[in-house]
Amino acid sequence: MQVRLSPGVKLRPEKFGGTCYVPHRDDIFAADHEVFTLLCDIGSTWTEIATSLESAYRSLAALGLCETDPRTDEVSYSGPSLLGRFQEFPSIEEPLVVNCFSTAHCPLKCRYCHADDLMKEDFRKNEVDGPSADLANVAATAGMFSSLVAVVTGGDPLTRPGRAQFLIKELAAKRKAIVLDTSGVGDIEALLPLLRENRVHVRVSLDALSGANDEVRPINPRYVTKGTSSEWAKRTIVRCLENVIPVTVQTVVTTKNDQKDELFQLRDWLIGVGVKHWVLHVAVEAGKAREFEKRARNQSRQRHLLSDEKTVQGLLRRLHAEEVQKKRLDIRITDTNSRPNSVILIDSYGNLQTEGFAHIGKVQLFDAKSARPDLIRDNWAHIDRFGHAVRYLNWNRWLYPDDSIEDQCYAVPIPVRASEESKVIEKEAKYRVIDIAGLRAALVKGGWIASAEVLQTDEYFDTNNRYIEAHDLAIRVRSEDGQIKFAFKGPRTYEETSSSRVEIELSISSQDYRSELNDRGLSLTWVLEKRRTTYRHPNYKLVAVADEVPEIGWFVELEGSGEEAKAVLAIVGEYIGGSERSHYADLYRAFKEAEGLPLSQINGARFSHS
Ligand code: SF4
């Protein structure tokens with residue numbers, strides 16, 4: 001099978017692996033190290049992949065991250081955007097998304113608007129509809145972060161299309177993926193070719209199909225005299241889809257639309273016209289909504305705009321669960337009331353702003369005139385980066401009240417790669433050999449290639465009080481054909497028939513190792529000789545060794561994965577006895593004790609000729 005990254009996909013390494021942006025879905029994913037490596041292993045041209053990786057790449061293609069030949073169909077996905085295995089929600093080093101104001105003008109007067117303080121006269125007075133130094137500063141500030149995505153917003157970019165065009169080109173030159181964020185009110189026609197050319201994803205706001213939308217999102221007659229905001233939004237959505245421009249619809253949930261009929265009717269309309277991505281923002285107490293709520297609290301019959309938490313969460317849980325099951329729409333739900341400072345805004349002068357956490361209204365973090373990338377990075381510390389990741393990676397605790405995050409990650413079936421198996425963990429299973437001639441013949445018949453037999457002399461060192469042995473550690477110096485290897489072994493852990501431990505081995509040239517170890521309080525406590533034949537197979541990583549140990553006979557050790565050990569046991573099973581967990585030293589001591597020799601006189605196992 002052949003694989004390539006989907007057009008425009010952006011990848012950014014992170015401490016936990018990496019983040020990935022899929023422009024046609026406007027989805028950001030966090031991938032663990034294994035999954036991110038899989039994505040980095042392919043590029044934008046077709047690459048032939050190993051058969052063992054086909055399922056893994058197919059699962060990524062289903063989310064639009066890559067394409068496969070033969071083709072894999074994409075599916076909708078509304079779960080947390082975490083690929084692979086995460087035990088906790090990941091934190092990020094740099095912003096994922098920066099929101100860039102292309103204009104401070106807007107044709108609407110939304111009741112919940114929280115960009116209102118960035119659209120005041122001060123911001124509007126010098127605006128011209130076209131290229132400007134201020135807009136160049138907006139792009140410059142955005143460029144100081146390595147965010148995956150820049151959202152061209154406002155105000156409404158459609159109100160000043162010349163500015164929107166200029167900013168899109170500037171941000172594209174900085175290699176940002178671009179989203180156009182609009183109410184849909186205005187003429188999008190002139191922008192369509194540029195949107196297509198730059199793979200811009202368009203987000204259009206629509207809260208309801210009923211009059212509830214227009215009640216909460218009224219038109220400002222200073223800008224538009226015809227139509228309602230919902231009529232404009234629907235028209236813009238359809239025009240984008242007709243022009244094969246990917247569209248997300250975003251809906252702000254308030255008391256005006258937090259009823260089942262309103263949201264379910266809107267959902268059905270979206271599916272009907274071919275929208276595939278829907279973002280629902282629970283309205284937060286900021287900007288105009290804060291003023292609205294303050295007034296409501298002073299009314300005798302309170303008319304709130306912000307929904308009752310229990311009502312809205314119940315409704316959105318139901319909507320979300322249905323789409324998780326039916327997979328018709330990608331649904332992302334944001335709820336930033338407790339994390340207002342998790343969004344990065346760049347105002348139309350290029351200054352960095354965020355919604356205050358303890359401060360009411362926006363906090364300016366950086367003045368574009370400073371033009372110091374180091375200063376802007378310092379200000380990232382004032383943004384709630386965890387909240388930022390939670391917002392864009394689609395996690396809401398209340399959507400999964402009974403589940404731990406690891407149960408909600410998107411599983412990517414990656415087989416364990418032999419080349420990635422640890423080189424410092426020794427995993428082995430040991431068996432007593434009943435018929436060494438039969439075992440040797442079976443291995444050779446199975447394609448295993450035997451090395452020449454070698455004599456190994458292993459010397460073990462310990463402290464006077466046998467601290468090393470008591471803690472299941474080992475310090476061993478092995479001599480073989482004039483080569484000396486020093487090994488440190490950690491304590492063993494056991495599976496059914498095998499054990500594994502950390503083993504660090506290095507070649508040494510010094511013959512003075514005994515005195516060097518003596519100086520550290522380690523003296524020789526045990527010597528073991530054995531005759532070893534090593535068997536290797538071209539198709540296996542596993543190594544099989546046949547050891548002859550003085551007086552107690554033959555053993556076979558299988559060093560490698562359990563799966564490969566099973567394959568070897570299938571061909572040698574009739575020539576071996578049960579598995580053996582004891583060290584050769586313990587087996588030898590037990591043998592000699594049974595012969596009546598006192599333990600104090602047993603200090604090693606040597607062949608009689610040596
Ligand atoms: S469209 Fe956006 S910027 Fe304009 S008033 Fe509504 S919320 Fe505010």
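**Notes on the predicted model**

1. Strand S1 (residues 2-5) pairs with S5 in the antiparallel sense, over two bridges. Within that pair, Val3 sits opposite Thr47 in S5. On the terms: two strands pair if DSSP finds at least two bridges between them. Helices (H or I, at least four residues) and strands (E, at least two) are DSSP runs, numbered from the N terminus.

2. Before going on, a word on what you're looking at. This is a predicted model, where local features need pLDDT of at least 70 and side-chain atom pairs count only at pLDDT 80 or more, while totals for chains, interfaces and linings use all residues. Residue numbers start from 1 along each chain as its sequence is written.

3. Back to S1. Its sheet is an open one of three strands, ordered S5-S1-S6 with antiparallel pairing. The edges are strand S5 (47-48) and strand S6 (66-69), each pairing on one side only. Helix H2 (residues 54-61) lies across S1 and S6, and runs at about 130 degrees to S6. For that angle, axes are lines fitted to C-alpha atoms, for helices over the stretch in contact, and angles run from 0 to 180 degrees between N-to-C directions.

4. Which strands pair with S24? Strand S18 (residues 425-433) pairs antiparallel with strand S24 (residues 499-508) over four bridges, and here Glu426 has Arg501 as its bridge partner. Strand S22 (residues 483-489) is also antiparallel to S24, over six bridges, with Ala487 partnered by Glu505. Then there's strand S23 (residues 493-494), joined to S24 by two bridges and again antiparallel. Thr493 stands opposite Ser500 there, and S23 and S24 make a hairpin with four residues between them.

5. Now the ligand. The residues around the ligand include Cys106, Cys110, Cys113, Lys109 and Asp156; to count, a residue needs its C-beta atom, placed from the backbone, within 6 Å of the molecule. By class, the shell has five nonpolar, three polar and two charged residues. In this scheme Ala, Val, Leu, Ile, Met, Phe, Trp, Tyr, Cys and Pro are nonpolar, Asp, Glu, Lys and Arg are charged, and the others, Gly among them, are polar.

6. Last, Leu194 in helix H6 (residues 192-197). Leu194 comes out as partly exposed because 17 other C-beta atoms lie within 10 Å; buried takes 20 or more, exposed 12 or fewer, and partly exposed is in between, with C-beta atoms placed from the backbone. Leaving aside residues up to four places away in sequence, Leu194 touches Gln165 and Ile168, where contact puts the C-beta atoms, placed from the backbone, within 7 Å.

Key:
Contact = placed C-beta atoms within 7 Å.
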